[in-house]
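Me: I would like to learn how to read the features of a protein model, one at a time. Please give the general idea first and then the case at hand.

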Amino acid sequence: MATQEITVENINETITGNDIVLLDFWASWCGPCRAFAPVFENVSEKNPEIVFGKVDTDAQQELAQAFQISSIPTLVIFREQIPIFAQPGAMNIAQLTEIIEKVGQLDMNEVRAEIAQQQASQLATEEGSQGAPSAQAAQASGDEA
C-alpha cells in the first residue's frame, strides 16, 4: 500500500484499525521533509501490511499540536494503538527499515506491562506527594494530643 493522507477525520480510525501505523509529519516547504518523502514512499511499497500515513502539518495544525510536533519531519509509530516511537529528522531507507523491523519484533505484552508499571509508579508518586502534607498534619495533631 502506498502512503495515505491522515487528517483529524481519519486519525483515530487509522490507528485503531491497524496493527502498525507510521505517521510522517511534514510540510511542503520543508527541505528535509521533501528529502524523506521518497524514502517513506519506497519503504511503504515494500511493507504493504503496514499503514504509512502522511500528516501535512500546515493543513492539519490541530493534529500537529495534539502530537506536540515541534520539528519536521517527525516520524511517529504506533503498534496496537500504543505510540512506541517518535523522532524528528529524516532517515534513509536502511534506518527506516531497521526501525520497522524492531517495531515488529516488540513483545507487546511486555510493552503493556511496562506502561502499566510506569503508570502505577507515577500514581504512587502523585499520591505520595499529595499524602505527605496530610501525614505531617496527622503527626502534628498527634503531637498535640
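The dialogue below goes from the overall fold to single residues.

Me: What kind of model is this, and how are its residues numbered?

Reply: This is a predicted model, in which local features need pLDDT of at least 70 and side-chain atom pairs count only at pLDDT 80 or more, while totals for chains, interfaces and linings use all residues. Residues are numbered from 1 along each chain as its sequence is written, and side-chain values use heavy atoms, with hydrogens and water left out.

Me: How many helices and strands does the protein chain have, and which pattern do they follow?

Reply: Helices (H or I, at least four residues) and strands (E, at least two) are DSSP runs, numbered from the N terminus. Here the protein chain has 5 helices and 5 strands. Along the sequence they follow the pattern β-α-β-α-β-α-β-β-α-α.

Me: Which strands pair with E3, and in what sense?

Reply: Two strands pair if DSSP finds at least two bridges between them. Strand E1 (residues 4-5) runs parallel to E3, joined by 2 bridges, and Gln-4 has Gly-53 as its bridge partner in E3. Strand E2 (residues 20-26) also runs parallel to E3, with 6 bridges; there, Trp-26 has Asp-56 as its partner.

Me: What handedness does the unit of E2, H2 and E3 have?

Reply: A crossover is right-handed if, with the strands pointing away from the viewer, the path from the first strand over the helix to the second runs clockwise. E2, H2 and E3 form a right-handed β-α-β unit.

Me: In what sense do E4 and E5 pair?

Reply: E4 and strand E5 (residues 82-88) are antiparallel, with 6 bridges. Arg-79 faces Ile-82 of E5. The hairpin of these strands has 2 residues between them, and Glu-80 takes a positive phi near 50 degrees.

Me: How much of the protein chain is buried, and why is E3 described as largely enclosed?

Reply: A residue is buried under 20% relative accessible area, exposed over 50%, and partly exposed in between (1.4 Å probe, protein chains only). Of the 145 residues in the protein chain, 32% are buried. In E3, 5 of the 6 residues are buried, so the strand is largely enclosed by the rest of the structure.

Me: What is the accessible surface of the protein chain?

Reply: Accessible areas come from the Shrake-Rupley method with a 1.4 Å probe, and for residues only the protein chains shown count as cover. For the protein chain the total is about 8,700 Å², and carbon and sulfur atoms account for 50% of that surface.

Me: Which cysteines form the disulfide, and why is it right-handed?

Reply: A disulfide is a covalent bond between the sulfur atoms of two cysteines. The criterion is a pair of cysteine sulfur atoms within 2.5 Å. The structure contains 1 disulfide, between Cys-30 and Cys-33, whose sulfur atoms are 2.5 Å apart. The torsion about their S-S bond is about 75 degrees, so the disulfide is right-handed. Both Cys-30 and Cys-33 are buried.

Me: How many aromatic pairs are there?

Reply: Rings of Phe, Tyr and Trp (its six-membered ring) pair if their centres lie within 6.5 Å; planes under 30 degrees apart count as stacked, over 60 as edge-to-face and the rest as tilted. The structure has 4 aromatic pairs. In one of them, the ring centres of Phe-36 and Phe-40 are 5.6 Å apart with planes at 50 degrees, so the pair is tilted. These two residues are 4 residues apart in helix H2 (residues 31-46), about one helical turn, and both Phe-36 and Phe-40 are buried. The rings of Phe-67 and Phe-78 have centres 6.0 Å apart and planes at 90 degrees, so that pair is edge-to-face. Phe-67 lies in the loop between H3 and strand E4 (74-79) and Phe-78 in strand E4, so the pair ties together parts 11 residues apart in sequence. Phe-67 is partly exposed at 23%, whereas Phe-78 is buried at 7%. Phe-25, Phe-67 and Phe-78 form one aromatic cluster.

Me: Which residues does Gln-60 contact?

Reply: Contact means heavy atoms within 4.5 Å. Leaving aside neighbours within four places in sequence, Gln-60 contacts Ile-6, Thr-7, Val-8 and Val-55. Gln-60 sits in the loop between strand E3 (51-56) and helix H3 (61-66) and is buried at 11% relative accessibility.
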